[in-house]
Amino acid sequence: MKLIVAIIQDKDSNRLSSGLVKANFRATKLASTGGFLKAGNTTFMIGVDDGQVEAVMNVIRSSCKVREQLVTPVTPMSGTTDSYLPLPVEVQVGGATVFVLPVDRFEHF
């Protein structure tokens, strides 16, 4: 048995949730916050048999897309800010960060 932990952008959350239900997988959905952009994320915890891991990964791949987003860097903490002009920078967001972990024991009450 495996535990799949998928951290995705909030924009992809409903699409992934629907895809998992359609493929007949159960998941626990947790609200989380990303570190770099401090944006909202959703973490899915999905318990599956070893043979189902690739099927879940395919649902995640098809539901969570990488996209470009403009962000404005924060003002530097030291030095003068008189000459600092923050220009928007294009970064990649979205997609999924996925961990597949072995499960030693599972019980459902």
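## Terms and basis of the model

Helices (H or I, at least four residues) and strands (E, at least two) are DSSP runs, numbered from the N terminus. The model is predicted: local features need pLDDT of at least 70 and side-chain atom pairs count only at pLDDT 80 or more, while totals for chains, interfaces and linings use all residues. Residues are numbered from 1 along each chain as its sequence is written, and side-chain values use heavy atoms, with hydrogens and water left out.

## Overall make-up

The protein holds 2 helices and 6 strands. Along the sequence these elements follow the pattern β-α-β-β-α-β-β-β.

Of the 109 residues, 27% are buried; buried means under 20% relative accessible area, exposed over 50%, and partly exposed in between (1.4 Å probe, protein chains only). The protein exposes about 7700 Å², and carbon and sulfur atoms supply 55% of that area. Accessible areas come from the Shrake-Rupley method with a 1.4 Å probe, and for residues only the protein chains shown count as cover. Among contacts (heavy atoms within 4.5 Å) with a separation of 6 or more, 68% are between residues 24 or more positions apart.

## The sheet

An open sheet is formed by 4 strands in the order β2-β3-β1-β6, with antiparallel pairing. Because β2 (28-33) and β6 (96-102) stand at the edges with a single partner strand each, one side of each has no neighbour in the sheet. From one strand to the next, the twist averages 20°. Strands of a sheet pair through backbone hydrogen bonds, either parallel or antiparallel. Here, two strands count as paired if DSSP finds at least two bridges between them.

The pairs can be followed across the sheet. β2 is joined to β3 (residues 40-48) by 6 bridges, and the two run antiparallel. Ser32 has Asn41 in β3 as its bridge partner, and Thr33 has Gly40 in β3. β3 pairs in turn with β1 over 8 bridges, again in the antiparallel sense. In this part of the sheet, Ile4 is partnered by Ile46 of β3 and Val5 by Met45 of β3. On to β6, β1 is joined by 7 bridges in an antiparallel arrangement, and Leu3 stands opposite Leu101 of β6.

## The helices

Helix α1 (residues 13-22) lies across β1 (2-9), β2 and β3, and runs at about 15° to β3. Helix α2 (residues 53-63) lies across β1, β3 and β6, at about 5° to β1. For these angles, axes are lines fitted to C-alpha atoms, for helices over the stretch in contact, and angles run from 0 to 180 degrees between N-to-C directions.

Ser18 belongs to helix α1. Its relative accessible area is 47%, so Ser18 counts as partly exposed. Ser18 and Ser63 are 45 residues apart along the chain, and their C-alpha atoms are separated by 9.1 Å.

## Two residues in detail

Ile8 is part of strand β1. With a relative accessibility of 1%, Ile8 counts as buried. Apart from its neighbours within four places in sequence, Ile8 is in contact with Ser13, Leu16, Asn41, Thr42, Phe44, Cys64, Gly95 and Ala96. Lys65 is 57 residues from Ile8 in sequence, and the C-alpha to C-alpha distance between them is 9.4 Å.

Asn24 sits in the loop between α1 and β2. Asn24 is exposed, with a relative accessible area of 70%. Most residues other than glycine have a negative phi, and most peptide bonds are trans. Asn24 is not a glycine, yet its phi has a positive value, near 70°.

## The largest pocket

Rolling a probe the size of a water molecule over the atoms shows where empty space is left. On a 1 Å grid over the protein atoms alone, a cavity is a set of points where a 1.4 Å probe fits but cannot get out, and a pocket is an open set with protein on both sides within 12 Å along at least five of seven lines; lining residues have an atom within 4 Å of a point.

The largest pocket holds about 280 Å³ of space. The residues that line this pocket are Met1, Leu3, Arg26, Ala27, Thr28, Met45, Ile46, Gly47, Val103, Phe106 and His108. β3 supplies the largest share of the lining, 3 residues. For the volume, grid points are joined across faces, edges and corners, and the space filled by probe spheres set on the points is taken.
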